[in-house]
Amino acid sequence: MNTMSLQSLSFRLMAGRSDAKRDWGLNTTPNDILRINGIPYGPDVKWNTLDVYRPKHIKGKLPVIVNVHGGGYVYGSTKQYQFYCMDLARRGFAVVSFNYRLAPRYKFPTPIFDLNLVMEWMCKKADIHGFDMDRAALVGDSAGAQITSQYAVICTNPEYAEIMEVTPPDFGLRAVGLNCGMYDVRKRASEVSQNKLMIDYFTENPIVYGKKLDVLDYVTENFPPAYLLSAKGDFLMDQCEPMARFLMEKGVPCEYKIYGDENTGHVFHVDMRLNLARQANDDEIAFIRKYS
């Protein structure tokens with residue numbers, strides 16, 4: 001069933017208004033940033049497009065950051081992340097932001113397949129766009145953090161990659177930034193009875209995905225170093241510390257921080273007007289630089 005639930009439709013409308021308000025009046029592109037929009041990376045001409053950002057004053061290959069947008073699997077695009085990604089690029093990175101196929105038309109785990117297509121494209125185009133694919137990091141927020149963490153498991157555990165039927169290309173995944181996310185996919189899929197948004201992504205019968213949902217069971221010490229952040233007003237705050245401690249117990253280099261107060265909300269770090277967002281992104285980038 002590809003009809004969007006009323007819950008997802010309401011979420012999409014609410015998030016769209018909130019993001020438009022957040023970014024109203026921001027300049028399109030700073031003078032020091034080179035941007036290329038709408039590059040196709042896969043067979044779907046509507047969904048499989050990406051944007052590239054990099055600082056104009058730095059020539060040659062740069063370490064890369066791939067941004068995986070959030071939006072509950074039903075919302076989001078490169079548009080809502082352009083200012084955040086340009087801010088990351090200003091810090092000395094080539095940044096790739098991509099659109100992926102959304103629910104309800106496309107189900108779990110379609111975003112994973114699209115992310116893998118992005119990484120394949122980047123490996124092929126590394127010389128053209130100046131990507132140092134030996135120094136790659138992924139950052140994602142909300143649903144994008146979940147997608148990021150799942151793909152990191154695929155990249156570091158061949159057994160799970162086989163279960164997912166995904167073969168990642170040869171690149172150096174040095175670190176991940178997991179922001180305001182949730183990570184227990186099986187638990188989240190089990191919530192379909194009370195959460196129509198989850199039905200839109202996992203269907204009404206997620207049991208059909210079998211071991212694909214058991215992402216955390218396949219995390220090993222090879223999972224990339226991870227920085228996790230959340231906020232005291234984030235409705236997913238309670239997911240941050242347990243995931244960080246879980247990774248630490250596996251032997252994964254990991255740091256985490258809860259920012260702000262009860263008025264600091266979900267994915268606050270994407271609001272380029274907030275000093276606290278700049279601080280959070282400074283902290284995360286400093287962590288990524290240690291490993292890339």
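User: Where does Y73 lie?
Analyst: Y73 is placed in the loop between β3 (62-68) and α2 (82-89); helices (H or I, at least four residues) and strands (E, at least two) are DSSP runs numbered from the N terminus. The model is predicted: local features need pLDDT of at least 70, side-chain atom pairs count only at pLDDT 80 or more, and totals for chains, interfaces and linings use all residues. Residues are numbered from 1 along each chain as its sequence is written, and side-chain values use heavy atoms, leaving out hydrogens and water.

User: Why is Y73 called buried?
Analyst: Buried means under 20% relative accessible area, exposed over 50%, and partly exposed in between (1.4 Å probe, protein chains only). The relative accessible area of Y73 is 2%, and therefore Y73 counts as buried. Its phi is positive, about 70 degrees, although Y73 is not a glycine.

User: What makes C180 buried, and where does it lie?
Analyst: With a relative accessible area of 1%, C180 is buried. This residue lies in the loop between β6 (173-179) and α7 (185-189). C180 is not a glycine, yet its phi is positive, near 55 degrees.

User: Why is K187 called partly exposed?
Analyst: The relative accessible area of K187 is 48%, so the residue is partly exposed. K187 belongs to helix α7, and its C-alpha atom is separated by 22 Å from that of T156, 31 residues apart along the chain.

User: How do you know that β2 is largely enclosed by the rest of the structure?
Analyst: Seven of the seven residues of strand β2 (residues 49-55) are buried, so the strand is largely enclosed. In a regular strand the side chains alternate between the two faces of the sheet. Both faces of β2 are covered, with T49, D51, Y53 and P55 buried on one side and L50, V52 and R54 buried on the other.

User: What makes β1 and β2 a pair?
Analyst: Strands pair if DSSP finds at least two bridges between them. Strand β1 (residues 33-40) and β2 are joined in the antiparallel sense over six bridges, and I39 has L50 as its bridge partner in β2. β2 is also antiparallel to strand β4 (residues 94-98), through four bridges; there, L50 has F98 as its bridge partner.

User: Which residues have the most contacts inside the largest nonpolar core?
Analyst: They are M119, M122, F131, F202 and L228, in a core of 73 residues. Helix α5 (residues 143-156) gives the largest share of this core, seven residues. Apart from it lies another core, of 28 residues, among them I65, V270, A280 and I285. Such a core is a set of buried Ala, Val, Leu, Ile, Met, Phe, Trp, Tyr and Cys residues joined through side-chain atoms within 4.5 Å.

User: Which residues does M122 touch?
Analyst: Leaving aside residues up to four places away in sequence, M122 touches V64, V66, V96, F131 and M133, where contact means heavy atoms within 4.5 Å.

User: Why does L9 count as partly exposed?
Analyst: L9 has 38% relative accessibility, and so it counts as partly exposed. L9 lies in helix α1 (residues 6-23).

User: What is omega for the cis peptide bond that joins A103 and P104?
Analyst: Omega is about 10 degrees for that bond, and P104 is located in the loop between β4 and α3 (110-124). Another cis peptide bond joins F108 and P109, with omega about 0 degrees. P109 is also found in the loop between β4 and α3.
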